[in-house]
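Hi,

Here is the structure for you to look over. My notes follow below it.

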Amino acid sequence: MLDDRTTAAAWPAAYPQGYAVVDVETTGLARDDRIVSAAVYRLDAQGNVEDHWYTLVNPERDPGPVWIHGLTSDVLEGAPLFAEVATEFSQRLDGRVLVAHNAMFDWSMIAREYARAECTAPVRQRLCTIALAKELALPLPNLKLESLAAHFGVVQRRAHNALDDARVLAEAFRPSLHTAAERGVRLPLLECRPLTEWAAAPAPRIGRQATSSAYRSGSWRPSRKRPPCPYPNPGRYESDKPLKQGMRVAFSGDTSVDRELLEDRAVEAGLHVATSVSRLTSLLVTNDPDAATSKTIKAKSFGTPILDEAAFTHLLRDVAPAEDSADG
């Protein structure tokens with residue numbers, strides 16, 4: 001590990017100048033779900049904590065899984081709307097790399113809230129600590145935050161509390177960052193694209209009388225082209241074995257997690273997301289394998305393995321490295 005006294009001289013010049021470690025708790029996982037609390041730990045270029053910030057957010061709807069985040073309607077009723085904290089939130093993010101555990105999810109929820117408030121988050125890159133842990137080949141039993149925390153001896157006091165989760169992640173991110181710097185590892189930075197395309201709909205009103213009906217869940221489009229998968233296709237998924245980087249995965253039908261989010265999780269794990277099913281497809285993910293869709297029909301005719309969303313999400317936690325990158 002880099003010694004603090006020599007860090008400044010040895011630190012990779014290409015690394016970012018500051019980070020915003022973020023955690024948000026939400027009413028659910030879908031694109032029309034809302035943030036109920038948010039926390040940000042600001043870190044300097046070498047991962048040292050500068051300050052932290054936390055706020056509740058009135059989601060203007062049912063709070064969702066109270067048994068997870070513990071925030072009831074009564075607690076959130078007097079909380080500010082996201083539009084009312086957006087400026088302060090922006091000050092915490094401005095000019096920094098957004099860091100989160102499963103960063104695509106946190107970024108998606110944040111970007112949607114900013115879009116509803118008709119403004120844009122001042123952040124252009126994100127770093128997922130799951131992707132960094134994989135890049136560093138940390139010996140974790142799984143990729144949960146609690147496992148990353150335990151690996152670095154960080155005590156988690158209140159799981160699914162945004163402030164404590166952000167603290168835990170900040171404390172675990174610093175040694176991860178220093179390990180990456182020591183090894184000269186290129187950080188897995190990804191672009192953060194704001195949501196700017198909207199269907200014709202009334203602009204959402206900002207204020208306590210606004211309702212979520214002004215926001216249409218299907219009204220935004222990601223409008224982006226993913227980079228090609230860097231790993232070769234290792235072939236079909238085999239039951240009771242892990243997924244392997246490079247596998248071609250197709251999706252069919254409705255998913256409980258937002259489709260774009262699920263696909264992005266697959267891409268960040270090193271899988272190839274296919275738009276159709278062919279003889280080269282490794283796996284089809286669908287919650288309705290009996291549906292007569294073109295993808296399920298082709299999958300069955302080709303003998304392509306089929307898994308439901310829950311099983312696929314479980315497998316995403318531990319994707320095996322590509323054979324040609326095992327020693328890299």
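Start with His-160, which sits in the loop between α7 (145-151) and α8 (162-183). Helices here are DSSP runs of H or I with at least four residues, strands are E runs of at least two, and both are numbered from the N terminus. His-160 has a positive phi of about 70°, although it is not a glycine. At 41% relative accessibility, His-160 is partly exposed. The cut-offs: buried is under 20% relative accessible area, exposed is over 50%, and partly exposed lies in between (1.4 Å probe, protein chains only).

Two points on provenance. This is a predicted model, in which local features need pLDDT of at least 70, side-chain atom pairs count only at pLDDT 80 or more, and totals for chains, interfaces and linings use all residues. Residues are numbered from 1 along each chain as its sequence is written, and side-chain values use heavy atoms, with hydrogens and water left out.

Glu-60 also has a positive phi, near 60°, and is a residue other than glycine. Its place is the loop between β3 (49-56) and α2 (66-69). Glu-60 counts as partly exposed, at 23% relative accessibility. As background, most residues other than glycine have a negative phi.

Now the chain as a whole. It has 11 helices and 10 strands. Of its 328 residues, 49% are buried. Take the contacts (heavy atoms within 4.5 Å) between residues at least 6 apart in sequence: 67% of them join residues at least 24 apart. The chain exposes about 15900 Å², and carbon and sulfur atoms supply 50% of that. Areas come from the Shrake-Rupley method with a 1.4 Å probe; for residues, only the protein chains shown count as cover.

Next, helix packing. Helix α4 (residues 82-93) and helix α5 (residues 103-116) pack at about 125°, with axes 10 Å apart. Axes are lines fitted to C-alpha atoms, for helices over the stretch in contact, and angles run from 0 to 180 degrees between N-to-C directions. That angle makes α4 oblique to α5. Under 35 degrees is roughly parallel, over 145 roughly antiparallel, 65 to 115 roughly perpendicular, and the rest oblique. From α4, the contact uses Phe-82, Ala-86, Phe-89, Ser-90 and Leu-93; from α5, it uses Ile-110, Glu-113 and Tyr-114. By class, that is 6 nonpolar, 1 polar and 1 charged. Nonpolar covers Ala, Val, Leu, Ile, Met, Phe, Trp, Tyr, Cys and Pro; charged covers Asp, Glu, Lys and Arg; the others, Gly among them, are polar.

A second pair is α9 with helix α11 (residues 309-316): their axes come within 10 Å and cross at roughly 35°. Leu-262, Arg-265 and Ala-266 of α9 meet Glu-309, Phe-312, Thr-313 and Leu-316 of α11. Those residues divide into 4 nonpolar, 1 polar and 2 charged.

Asp-264 lies in helix α9 (residues 259-268). Asp-264 is buried, at 6% relative accessible area. Arg-226 is 38 residues from Asp-264 in sequence, yet 9.0 Å away in space, C-alpha to C-alpha.

Last, Lys-134 in helix α6 (residues 129-135). Lys-134 is partly exposed, at 26%. Beyond neighbours within four places in sequence, Lys-134 contacts Leu-143, Ala-269, Leu-316 and Val-319. Leu-316 is also part of the α9 and α11 contact.

Best wishes
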